[in-house]
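Open the structure in your viewer and show the side chains.

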Amino acid sequence: MFDLILKNGKIIDGTGSPWFYGDIGIAGGKITAIGKLEGAEADQVYDVGGRYISPGFIDIHTHSDRMLEAYPLSESRILQGVTTEIGGNCGMSPFPVAEKYREDLKNYVGGEVSYCWEDAKGFLDHMESLGGSTNFGALTGHGSLRLAVMGYSTEKATLEQLAAMEKLAEESLKGGSLGITSGLIYPPGSYSDQEEMIYVLRALRECGGFYATHMRNEGKNLVQSVKEALAVAETAGVRLQISHHKETYKPLHKIAVHETTKLIEEARERGIDVCCDQYPYNASATVLSINIPNWGFEGGLDKLIQRLHDPETRKKLWQEMHDSYLGRWDTIHVSYLESEKNRWMCGKSIDEIANTLGKDQCDVVFDLVEEERNRVNEIHFGMCEEDIEFIMKKPYVMPGSDGEAYGLDFAGLPHPRNFGTFPRVLAHYCRDHQLFSLETAVQKMTSLPSSRIGLMDRGVIRCGAWADLVVFDFEELESTPTYEDPKRACKGIHQVFVNGVLTAQDGKHTGVKAGKVLRR
């Protein structure tokens, strides 16, 4: 007797093995039988009619911890087949919370977060009490650790401060965090050095987990940044995940990633456990304030605003930003703003906004960051298709959306990666461009990330594993979200099951919250 049977499916088990016809029996949220289940009884039976059944997709790189309280149904995740996601990336986690720097942490992490906790355990307990549609785990952000100890100080950490960060990291890991992340491009994480990162990562040797890094630079100095990440991981003796690997500097397109992947492969041959994730789009997305020189943020957002009101300091910030971004403002588009007043800017480039307002582009950025209290996001078109495909084919690379949990009613025009990353890999790159087999594509988005995270009972179809499953029509599959219309369900995802519970059917969420909070 089963709770649920999926019949007549082409089963792709997530290991890379060839698909096979069969049925799947589920009881108590787990897979209990695989094969031809003739005559078996179940409370519910779904005949999938020869469609593919795969493990639910696992998104190893998200920022859903910022939005799950507001959007626990996670339509942006579920409707593309994602059943498990990991937040706290790019050095930004909503914990630990130091009362002295509470407001700074809110501005740093962003999103819709209540901060009714102090540490990782409290955060995960709160998420568990709310319930959600996806299985959710969290990583600890190094930027949040540094903020809790030093605020937005640009000073080199003292030995006492390093020890305090390491202690907070250990407490987070023991409280259920799955690892440590860094965002070395964002203040205050950008104020750290290699010595600090190596010291803080000692907590991983004590407690377990992996290290994921948004490197210090993904443009002109991409190669140097990969060397730094590898050196830190090798010295600290930790597993390394390079986040959203890409090259955003046009003169280095089709050049730099050949060198970086060679460095990664040489490191793997030396015994360094390093993998990468990647989103399958030619545009990145982040906060608009990333364009402002890092030194302007010393002391936090309010200090930045004070500097913007000082003519001499503003001129210095303007000149540095102008020299760096000249000729690129037409590739940077506003994707989200907090206020209704400025909502008309969503989808428009900084050039377009500047022309409409009769302002300089740098002044547009300064004024928006101040008016919106840094709650303004951008989409930046900076990558090339050849690099995307070259990276994607590497066996140690897995998809990661860098997205968030949104509803279809979310305000603004978020990056389509939030809603369409995984079907895009399957439909555009696997089926249409034939970069790899369907079985390899599924393995990249299921068992590869699950093994990276340490989830041995997810990401595969086998007896005893949790029944996170996606039923899809490979020929019909289409990633329909676009930059102009991103909040859409993908075509061809017919059913999504989370822990054995039907959570989406033909592009519609069923309203259930069957996800589990995952702890290390």
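Predicted model: local features only at pLDDT ≥ 70, side-chain atom pairs only at ≥ 80, totals over all residues.

Residues are numbered from 1 along each chain as its sequence is written, and side-chain values use heavy atoms, with hydrogens and water left out.

Rings of Phe, Tyr and Trp (its six-membered ring) pair if their centres lie within 6.5 Å; planes under 30 degrees apart count as stacked, over 60 as edge-to-face and the rest as tilted. By this rule there are 17 aromatic pairs.

Select tryptophan 19 and tyrosine 52: their rings are edge-to-face, 6.1 Å centre to centre with 90° between the planes. Tryptophan 19 is in the loop between β1 (2-11) and β2 (20-27) and tyrosine 52 is in strand β5 (residues 52-55), so the pair ties together parts 33 residues apart in sequence. Strands are DSSP runs (E, at least two residues), numbered from the N terminus. Tyrosine 52 is buried at 13% relative accessible area, and tryptophan 19 is partly exposed at 30%; buried means under 20%, exposed over 50%, partly exposed in between (1.4 Å probe, protein chains only).

Next, select tyrosine 115 and tryptophan 117, a tilted pair at 5.8 Å centre to centre and 40° between the planes. Both tyrosine 115 and tryptophan 117 are buried.

Finally, select arginine 202, which lies over the face of tyrosine 199 at 4.0 Å from the ring centre. A charge sits over a ring if NZ of Lys or CZ of Arg is within 6 Å of the ring centre and within 35 degrees of the ring normal.

Methods:
Helix = DSSP H or I, 4+ residues; strand = E, 2+ residues; numbered from the N terminus.
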